[in-house]
Amino acid sequence: MTKVGPNQYFLGRCLFFHEKFTRLEPLAQSATHGWTRIADRKRQFPPAGNVFSFDKNTLRCPEGTVRYFRVEENKRTSSKEEHDQYVVLDAHEPIEILDFSHIQSPEEVRCAVVEEGIAIEQASTPEVIIAMKGRSCVRLHLDLDPMTRRLRPKDLHGLEKLTLFRLAPHHLHGERVEGRLFLCPTDPIESIGAVDWSTNADFMQRTLRRLKRSNAFQAEEGMGDVSRRAIEKLALAVRSGEVLGADLREIEATRERLKPFVSGVEANLEFVETLAVELMKSPSIARKLEERISSATEAAATKVRTELEPAIRSEILQQLGDQIAQRDQLSQEVAVLEETVHRSRIELSKISDDHELQRAAIVSEGQAFLKSFSNVLESVGRYANPERATGVAAAAAWNRPQNNGGMGFAIGELKNFLKSLAERTGFDLTEVLGFDALLRGGEVPLLFGRDVEALLAAYARSVLDGQLWRLSVDPATIGFDDLWRGAATGEPTVLAGAWSAAAASADSPILVVIEDISNAPVKNWMPQFLRLTQSDVRPRNLLLCATLSDGSGMVPPEERQALFKAIPFEVKATKAGVVAAIFDEAEDGKHSPTGRLNGQLLCQCLPDNLNRLSAELARVCESQSVARRAVRVFKSVLATMEADEALRFACEFANFESDRRVLQNPTGHIQRSLGRLAATIGFEG
């Protein structure tokens, strides 16, 4: 058995068709100068002179298909006597060499390949080498033309600058396989230049474009004037080489290709002129030409009239525009003067009819003005006081937050503080974490239930150093501006003071509780308020929530719709919470230390978590605003939950916001709270 090198190539054919494996019969092997025939295949490839293959480029190939390949020792079986001792490695489709060297002119070879096409049986591989006289050649990828059933170059656009190669003498006299020559991969061919093999149509279009840019056609006549003189100028320009380029080889090649066209045009020019003269003598043709000329004249007149009439009208209106504007202005002034005269007459009539009544009215209006002016002075004096301008001093004593000096902590320790809160108060840890995530995510949860105040107090002690800003609303809070300044006093509200404090100190969160929100006509301002809190205008450390008292009962339908814009969150009482409250009250809160969250409120998302979140949100969200809010909630809940739990919570929030409906079997706490809220205020979603 002869030793086979790892970089040696073999040329062989497939023995049978199969979808999973086949065998190749080696016929030649690579050498210094191309392929050489294998003398004893059984000795070189025992036991039967074949090579086993499951390479993808050899599967499902018809019997006799030629491939070149490398081989490696068959290590897949222990018995070397019954199985092929080599398997195919790295099989490829060879490049066949088609010999056109018997044709004298390279242009004739180009026409035979590009214009006429190659017969299907003449080429056995998609990529071929076209060998021409003088051992020059080109490489082409062929494709079957469905109309002519012949093989033509696949990339017609790349034929304009086709690389020209030089074959060695042995390339055309090497070992043949079933009468065909193939290029050996270890014996490359040399590049010697480029050649234009574009189709006749593309070549003529490119030449005509060059001709149109030449000096011969830049004067009085263009390419559209197809006269005898124009054709003579074309022939002269071609002969002089003006349009053929600067490269001598390119000029010669282009000139050769143009000879048939130029000679044909010159030979048939006189015949075309004679034929045209005879045709013009025919009465029927002359009559049709007159009809065409008349029709074209009418169409041109109609087009000119259609285009010019609007332009002329516009020009006239533009010239008279100043006069028209002055006329309209004078008409308006006259109308105003007439209205003024009419009102003056009516007023004079009233004054003359009842002089005493008018005098009494003037005195009354003067007194009202003095009272209003006094109120303005009082307001100016009140706002001049810096303490009252902040809005904090105007708030009630129980609404003023107090600094208790609690221990500061970062967001990484938040989960431990919330877990301690749940253990001390008996609240469910999952609900505490959800409430915290909604607050820090910029949402406005609507709290209801018996233990709302207990949850707020415990959260304030653990996270906010015991500070709560409480905003009371009433039926007088009828507009959005009433949340910022009191409707009765005009002074800044608690929300205004908290907003200013949050903007001044961005390191610590501030929580504002809108108490008993159903007392106010929320339908007038709730949508605008929620849009403001979800925008970038709100300081990110300003947290907001609202409460709904137990005695709210049924509310009007329009108020229910407004309340349902917020995120419902039920605070449920538990047995453990009752016991925790008893011990806390008995010990005066000694085991309830205060803490304050400092620094950032949201966590950064890892790329993997962000990809998972985006895939889920793209499935359930149809609104950009809901998607943005869900991302903020996800970044907030990452501080207190594992990634999978945070992803579920954010998706639950996005599902709820995308489809707010009361479900028969709700799953998440927010969805369950929606059903409880509907039962509380008498809403059926």
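Student: Which residues is Arg-596 in contact with, leaving aside its neighbours within four places in sequence?
Tutor: In this predicted model, Arg-596 touches Met-407, Gly-408, Phe-409, Ser-462, Val-463, Leu-464, Asp-465, Gln-467, Ser-508 and Pro-509. Arg-596 itself is in strand 20, residues 595-597.

Student: What is the nearest side chain of opposite charge to Arg-596?
Tutor: That is Asp-465, 4.1 Å away. Arg-596 is buried but has no salt bridge.

Student: Which backbone oxygen lies 3.1 Å from a polar atom of the Arg-596 side chain?
Tutor: The one of Leu-464.

Student: New topic, Glu-127. Buried or exposed?
Tutor: Buried: its relative accessible area is 18%, and the cut-off for buried is under 20%. Glu-127 lies in strand 8, residues 127-131.

Student: Which side chain does the Glu-127 side chain join in a polar contact?
Tutor: That of Arg-139, at 2.7 Å. Beyond four places in sequence, Glu-127 is also in contact with other residues, including Pro-94, Ile-95 and His-141.

Student: And the surface: which residues make the nonpolar patch?
Tutor: Val-304, Leu-308, Ile-312, Ile-316, Leu-317, Leu-320 and Ile-324 make a patch of about 580 Å².

Student: Which helix gives the largest share of that patch?
Tutor: Helix 6, residues 283-319, with five residues. Leu-317 lies in that helix.

Student: Why is Leu-317 called partly exposed?
Tutor: Because its relative accessibility is 49%, and exposed means over 50% while buried means under 20%.

Definitions and conventions
Residues numbered from 1 in each chain as written. Predicted model: local features only at pLDDT ≥ 70, side-chain atom pairs only at ≥ 80, totals over all residues. Heavy atoms only, no water. Patch = residues over 30% accessible without salt bridge, like charges linked within 9 Å, V, L, I, M, F, W, Y side chains within 5 Å. Areas by Shrake-Rupley, 256 points an atom, 1.4 Å probe, with all protein chains shown as cover. Salt bridge = Lys/Arg side-chain N within 4 Å of Asp/Glu carboxyl O. Helix = DSSP H or I, 4+ residues; strand = E, 2+ residues; numbered from the N terminus. Buried < 20%, exposed > 50% of the residue type's maximum accessible area, 1.4 Å probe, protein only. Polar contact = N/O pair within 3.5 Å; in protein donor to acceptor, adjacent residues only side chain to side chain. Contact = heavy atoms within 4.5 Å. Lys, Arg positive; Asp, Glu negative; His and termini not counted.
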